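Me: I would like to learn how to read a structure like this one residue by residue. Could you take me through it, giving the general idea before each case?

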Amino acid sequence: VLKNIAHSLEAPDAKFYADTHAKLTDNALLDTLHWSEADKSYCDYGLHSPKVALKATYKLNEYDERVVVYEREVLEPATERFVPDFGYVSLFPMLMKILLPDSPKLGILLDKLKS
């Protein structure tokens, strides 16, 4: 949409939007950066630890009342990896019509939706 608007207005940054659109709709780049073969899904990639917990601690608030505060406790250090949770990130390429209709990954995503 922004690419088309910038082009229609002959905006000076129209090329930037066209280049960005080309990158964001490049299925090969999408697969390289976000497809996890192990999880058979599109995933976020970054520093992630699957082993975390919320630890309840008690603190006094401004009225000297004891309140529960939950703090994140990391049980395993984060490493760079795919985040294997199937959700909106996994479906985003399909929902935004980025994934090509003849992509073999489309069938995999649709099968996961059924289960």
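Me: Let us begin with a single side chain: is lysine 40 buried, partly exposed or exposed?

Reply: This is a predicted model, so every value here is computed from predicted coordinates. The general idea is to compare the relative accessible area with two cut-offs, since buried means under 20% and exposed means over 50%, with partly exposed in between. Lysine 40 has a relative accessible area of 34%, so this residue is partly exposed. Lysine 40 is found in the loop between strand S1 (35-36) and strand S2 (41-42), and its phi is positive, at about 50 degrees, although lysine 40 is not a glycine.

Me: Which other residue has a positive phi without being a glycine, and where is it found?

Reply: Lysine 97 has a phi near 60 degrees, again a positive value in a residue other than glycine, and lysine 97 is found in the loop between H4 and H5. With a relative accessible area of 75%, lysine 97 is exposed.

Me: How should I read a nonpolar core, and which residues make up the largest one?

Reply: The general idea is that in soluble globular proteins nonpolar side chains tend to be buried together. In this model the largest nonpolar core has 9 residues in all, namely Leu30, Trp35, Tyr42, Leu91, Met94, Ile98, Leu99, Leu106 and Leu109. Helix H4 (88-95) and helix H5 (104-114) are the elements that give two or more residues to this core.

Me: What does tyrosine 42 touch, leaving aside residues up to four places away in sequence?

Reply: A contact list shows which parts of the chain meet at one residue, and here tyrosine 42 touches Leu30, Asp31, His34, Trp35, Val89, Ser90, Pro93, Leu99, Lys105 and Leu109.

Me: How many aromatic pairs does the structure hold, and how do I read their geometry?

Reply: The structure holds 3 aromatic pairs. The general idea is to look at the distance between ring centres and at the angle between ring planes, where planes over 60 degrees apart count as edge-to-face. The rings of tryptophan 35 and tyrosine 42 have centres 4.9 Å apart and planes at 75 degrees, so this pair is edge-to-face, and both tryptophan 35 and tyrosine 42 are buried. Another pair joins tyrosine 45 and phenylalanine 82, whose ring centres are 5.1 Å apart and whose planes are at 75 degrees, so this pair is also edge-to-face. Because tyrosine 45 lies in strand S3 (residues 44-48) and phenylalanine 82 in strand S6 (residues 79-83), the pair ties together parts that are 37 residues apart in sequence. Tyrosine 45 counts as partly exposed at 45% relative accessibility, and phenylalanine 82 counts as partly exposed at 23%.

Me: Which charged side chains lie over the face of an aromatic ring?

Reply: Here one reads the distance from the charged group to the ring centre. Arginine 66 lies over the face of tyrosine 58, at 4.0 Å from the ring centre, while lysine 105 lies over the face of tryptophan 35, at 5.1 Å from the ring centre.

Me: What is the volume of the largest pocket, and which residues lie nearest its centre?

Reply: For a pocket, one reads the volume and then the lining. The largest pocket has a volume of about 590 Å³ and is lined by 25 residues, of which Thr20, Leu24, Thr25, Phe92 and Ile98 lie nearest its centre. Helix H1 (2-8), helix H2 (14-24), helix H3 (27-34) and H4 each supply at least two residues of the lining, and H2 gives the most, with 6 residues.

Notes: Residues numbered from 1 in each chain as written. Predicted model: local features only at pLDDT ≥ 70, side-chain atom pairs only at ≥ 80, totals over all residues. Heavy atoms only, no water. Core = buried A, V, L, I, M, F, W, Y, C linked by side-chain atoms within 4.5 Å. Buried < 20%, exposed > 50% of the residue type's maximum accessible area, 1.4 Å probe, protein only. Helix = DSSP H or I, 4+ residues; strand = E, 2+ residues; numbered from the N terminus. Contact = heavy atoms within 4.5 Å. Phe/Tyr/Trp six-rings, centres within 6.5 Å; stacked < 30°, edge-to-face > 60°. Lys NZ or Arg CZ within 6 Å of the ring centre and 35° of its normal. 1 Å grid on protein atoms, 1.4 Å probe; cavity = no way out; pocket = protein on both sides within 12 Å on 5 of 7 lines; lining within 4 Å. Points joined across faces, edges and corners; volume = space filled by probe spheres on them.
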